[in-house]
2 protein chains.
Amino acid sequence: MTEDSAAAEKAFLDDLVMHRLLIPSGVPGVFGRGGVFEDVLERFDRFVVASAAGDGAEVLRFPPVINRRDFERSEFLKSFPQLAGSVWSFEGTHEQHMQLLAHVHDGRDWSGLQKMTDVVLAPAACYPIYPMVSGTIPPKGHLFDVFSYCFRHEASGDPARMQSFRMHEYVRVGEAEAVVAWRDMWVERGLGMLRTLGLPVGADVASDPFFGRGGKLLAVNQRDQKLKFEVLLPICSNEKPTAIMSSNYHQNHFGSIFGIKTPAGEVAHTACMGFGMERVTLALFKTHGFVTAEWPGSVRKILWS
Amino acid sequence: MTEDSAAAEKAFLDDLVMHRLLIPSGVPGVFGRGGVFEDVLERFDRFVVASAAGDGAEVLRFPPVINRRDFERSEFLKSFPQLAGSVWSFEGTHEQHMQLLAHVHDGRDWSGLQKMTDVVLAPAACYPIYPMVSGTIPPKGHLFDVFSYCFRHEASGDPARMQSFRMHEYVRVGEAEAVVAWRDMWVERGLGMLRTLGLPVGADVASDPFFGRGGKLLAVNQRDQKLKFEVLLPICSNEKPTAIMSSNYHQNHFGSIFGIKTPAGEVAHTACMGFGMERVTLALFKTHGFVTAEWPGSVRKILWS
């Protein structure tokens, strides 16, 4: 990161805090949201729902924690071990409780008194879907509307790169052709939606931040096969724009892992597309200013109608 | 728990799953929510907001993870170590990543490859408020409206005792008298609101499930001082009704810990009251049936107006 973009991130965050849109928690990337921020986020969410209303997606809402066994099978840890969060708890005796309190009181590490539980934090809103649809899908496949808090363990000074944030996603399960056509439709639709909100967005082929030595090769493959598209906007940096919407075509990855089959007995393909809800909201404030009453009439008409 | 109430819990959960109101995750107490469940929860939430609209609370929304240092200071671990959830992540090398994957692949314990992070799961929606208002409060104190996903590490077959659930809370910070009067007002208001929804609720002095040997004494003290009130309703058991709303008067507990002072220089008192959003929603389905179109007109008028 250049010094310029670090300074731009800090200036934007300072403005957001001053307008009580974000409330710092003391942990980088973890913020409270002010009422106005939340109102804009919810209004954008209603716009998303209205835009997709004709598709007939089934609405499901999942909590921020998911089944650890399913998560282990998903292979997220293969690609992004550094981003995952597991949940731990205390399962000890009275004596161990006394130890725990002494450690906490003295400011010592109390991690030795925690045990891993059966849940991890959801890394994306769509993760509970794939194990859920294990088995044979209906002839037209599945379409789901999911929304949840997600966690990515990455400390950043960029307010648009939070550790805990919301994702509104749609997930398609079906035959390869139908899934790809659906993905292509959504990239166009999403671009159109964001442009009507006055956001100067563009779409591009993208790759994920795969971990470790083999990561670069995985990213090159992902780009070559055009599996990931992002809708990008410069929030804090022109050189490194922020993805505010993205789509992933997983091919038969989740279908193979979770035994999802088409009626013809083939492994089903899957794709998801999602809006980063905090990122879109930040993009709106960055583009149109901190006072929503002064936003362009065309934008207000969509969000406040 | 009696066999009868275990059977009642199972029967109720089976019905909820059959009507696609809850979707099991494989982990007890962790569920997806169907669209109809979510719609009722949101409608009840709007009723809460409308009922409190005249109070002038500041709306703040916090993510499901909070600052670990603040959490350590809160003394939650003193009373409820067994319920808390800490968040861990991988911070290792390429070689350790290979180890991690081998452990996961072989179904072995991979907890040795995780490290405690700077965040824990929020045990209640109000926890981020107390460190935030450290310092001198305004003459009339503070009033906040908070809502978040909370985590309690307790496996249960009771669908009304989830590990991951939402709480809509109001939090009052001020002088003792004002705080107690506010708490009393809310217990009455809450009872009235829930009764207009046709829920056969009653209020009672209550105590928390304090951990360990000293726990019983803490609970007795809490009851004697009437610090906790619960609004109760039989969801799965008549003998052990479920709390769907509760209030806690913390006296000067958080004020002392986080250095919250009145303008006169006294330690501020705090209280919170909150609705268990999933519990209220389940209570509505239990009381009025699984088909919302068939709910009493008086209830539909409030929630669907």
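Over all chains, the structure holds 34 salt bridges, a salt bridge being a side-chain nitrogen of Lys or Arg within 4 Å of a carboxyl oxygen of Asp or Glu. The model is predicted, so that local features need pLDDT of at least 70 and side-chain atom pairs count only at pLDDT 80 or more, whereas totals for chains, interfaces and linings use all residues. Residues are numbered from 1 along each chain as its sequence is written, chains are lettered from A and ligands numbered from 1 in the order in which they are written, and side-chain values use heavy atoms, with hydrogens and water left out.

One of the salt bridges is formed by B:R20 and A:E58, with the closest N and O atoms 2.4 Å apart. This pair crosses between chains: B:R20 lies in the loop between α1 (3-18) and β1 (22-24) of chain B, and A:E58 lies in strand β3 (residues 58-61) of chain A. Helices (H or I, at least four residues) and strands (E, at least two) are DSSP runs, numbered from the N terminus. Across the interface of chain A and chain B, four salt bridges are found.

Chain A can be laid on chain B by a turn of 180 degrees and a shift of 0.0 Å along the axis, with an RMSD of 0.0 Å; this is the relation of a two-fold axis. The superposition is by least squares on the C-alpha atoms of residues with pLDDT of at least 70 in both copies. Of the residues of chain A, A:V87 comes closest to the rotation axis, at 2.4 Å (C-alpha). A:V87 also stands opposite B:V87 in β5(B). Strand β5 (residues 86-89) of chain A and strand β5 (residues 86-89) of chain B run antiparallel and are joined by three bridges, where pairing of two strands requires at least two bridges found by DSSP.

In the interface, 61 residues of chain A are in contact (heavy atoms within 4.5 Å) with 61 residues of chain B. The copies meet through the same surface, because 100% of the interface residues of chain A are also interface residues in chain B. The two chains bury about 5200 Å² between them, 67% of it on carbon and sulfur atoms; buried area is the accessible area (1.4 Å probe) that two parts lose on being put together, summed over both. A:R61, A:W88 and A:W110 supply 12% of the area that chain A buries against chain B, more than any other three residues.
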